[in-house]
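Good morning, everyone. Please have the sequence and the structure open while I talk.

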Amino acid sequence: MSSDSQTTPAHVSSGVDEPQPPPVVDAQSVSSGLEGVVAAETSVSEVDGERGVLILAGQPVQAFSRHSFEEVIAILRTVSGETRPRALDPQVIQVQLALARKEAFARLDHLGDALDAPDAMSALRAGIAHFDTRDEDADVQLAGAIPVLAAAWQRRQRGQAAIAPSSGAAHAEDMLRLYATGASPEAAAALGAYLATVVDHGLNASTFAARVVASTASDTTSAVVAAIGALKGPLHGGAPGPVLDMLDAIGTADRAEDWITAELAAGRRIMGMGHRVYKVRDPRASALEAAAAKLGGSGRIALTHAVESAAQRVLERVKPGRRLRANVEMWTAVLLDALGIDRALFTATFAASRVVGWCAHVREQRLHGRLLRPSSKYIGPR
């Protein structure tokens, strides 16, 4: 049988409730970047770019950001089709996450040269490929493994031994321990807010990659490795670090407007501004700004406000009509930096949250989707 055969996987019902084939569309119509194409139905999140609204499992992101990471996993499991009562108990999930961290730590010596990779995302891509997960609990197993691998990668770069996880700590608190940044209650709450805020965001590139792999009836680990590969690309997951480089280069609020003007004149992008979907300020920026404010560091926060305002003014003047506003990376950078997390781990820390969203979409794809197989338009020689 051809690998392109669109058969019904064994885990998808073949009865009357099976999703019907989509209507035939004009094969010559091309949407660059799949702009405006609806490829899936989901209960995980909704993104309204015009109004600047993000709904996560029925809740606005500002409210959702107040959940612990354990609660986030329980909620996303619920909306994506999980029905096992114990799998929806945050206290049980906390124990499972601790076990997953310890299991990942025990595997560190069996990952080949994954931890010798040149960057954290390459280490995750290679390291996670070694994990044979149980599909029903893959979200917890991989959410536990990612920060262990990321922290171990960084410590190896520094010639230091990896820190062993704790059995009794909540996930956000133990992540900070693994990163050796100090795990005060305030810091753990701020990291928890970050993990909740960025856990899912519609059918972005990495989530779509995960759903494509899941649609072939492949395993969850393979879907997550594909998603990590997509997130590794700088157009998707690579902007928070350069935001700090920008803030460092500007230095003081009075220099912001001139610096931004010069960057645009030189043809360079302004980090942390503009988004593929949002035409107004990214709602996640507001949630992360609030979390960062609780950590103190008023000088950096004041500078960020000044840079954001200056960037908006200059962009409105130089690129009228583009509606370029602050995106999630602007305040991700400030928050993670305030927590003492190294810039080299920013994207891996994002993955430590987003993996739960990826797995929720994988679960949905298995329950309701069919093989994702779009068409292409041939423009070559005949």
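One definition before we start: contact means heavy atoms within 4.5 Å. Next, the ground rules. This is a predicted model, so to speak: local features need pLDDT of at least 70, side-chain atom pairs count only at pLDDT 80 or more, and totals for chains, interfaces and linings use all residues. Ile128 itself lies in helix 4, residues 120-128. A word on that term: helices (H or I, at least four residues) and strands (E, at least two) are DSSP runs, numbered from the N terminus.

Is Ile128 buried or exposed? Buried means under 20% relative accessible area, exposed means over 50%, and partly exposed is in between, with a 1.4 Å probe and protein chains only. Ile128 has a relative accessible area of 0%, so it is buried. Now compare sequence and space. Ile128 and Ala104 are 24 residues apart in sequence, and their C-alpha atoms are 9.5 Å apart in space.

Helix 3 covers residues 90-106, 17 residues in all. From its first C-alpha to its last, helix 3 reaches 24 Å, close to the 24 Å expected at 1.5 Å a residue. The expected span is 1.5 Å times one less than the number of residues. Look at the start of helix 3. There, a side-chain oxygen of Asp89 comes to within 2.9 Å of the backbone nitrogen of Gln91.

Which residues of helix 3 are buried? They are Val92, Ile93, Leu97, Ala98, Ala100, Arg101 and Ala104. As for the spacing in a helix, an α-helix has 3.6 residues a turn, so residues three or four places apart point the same way. The cover over the buried residues of helix 3 includes helix 2 (69-79), helix 5 (138-157) and helix 6 (171-178).

On a 1 Å grid over the protein atoms alone, a cavity is a set of points where a 1.4 Å probe fits but cannot get out; a pocket is an open set with protein on both sides within 12 Å along at least five of seven lines; lining residues have an atom within 4 Å of a point. Grid points are joined across faces, edges and corners, and a volume is the space filled by probe spheres set on the points.

How many cavities of 30 Å³ or more are there? The count comes to three. The largest cavity holds about 60 Å³ of space. Its lining is Ala100, Glu103, Ala104, Arg107, Phe131, Asp132, Thr133 and Gln141. Helix 3 gives the most to that lining, with three residues.

Of its 22 lining residues, Ser65, Ala189, Ala190, Gly192 and Ala193 lie nearest its centre. Helix 2, helix 6, helix 7 (185-197) and helix 13 (283-293) each give two or more residues to the lining. Helix 7 gives the most, with six.

Next, helix 8, residues 205-215. Why call helix 8 largely enclosed by the rest of the structure? Because eight of its eleven residues are buried. Among them are Ser206, Thr207 and Arg211. What covers the buried residues of helix 8 includes helix 9, helix 10 (234-237) and helix 16.

After helix 8 comes Ala217, with a positive phi near 70 degrees. Ala217 sits in the loop between helix 8 and helix 9 (220-231). At a relative accessible area of 39%, Ala217 is partly exposed. Ala57 also has a positive phi, about 50 degrees, although it is not a glycine. Ala57 is in the loop between strand 2 (53-56) and strand 3 (59-60). Its relative accessibility is 16%, so Ala57 counts as buried.

Last stop: Arg363, in helix 16, residues 346-368. Arg363 counts as buried because its relative accessibility is 13%. Beyond residues up to four places away in sequence, Arg363 touches Leu76, Arg77, Ser80, Gly81, Glu82, Glu136 and Asp139.

Definitions and conventions:
Residues numbered from 1 in each chain as written. Heavy atoms only, no water. Polar contact = N/O pair within 3.5 Å; in protein donor to acceptor, adjacent residues only side chain to side chain.
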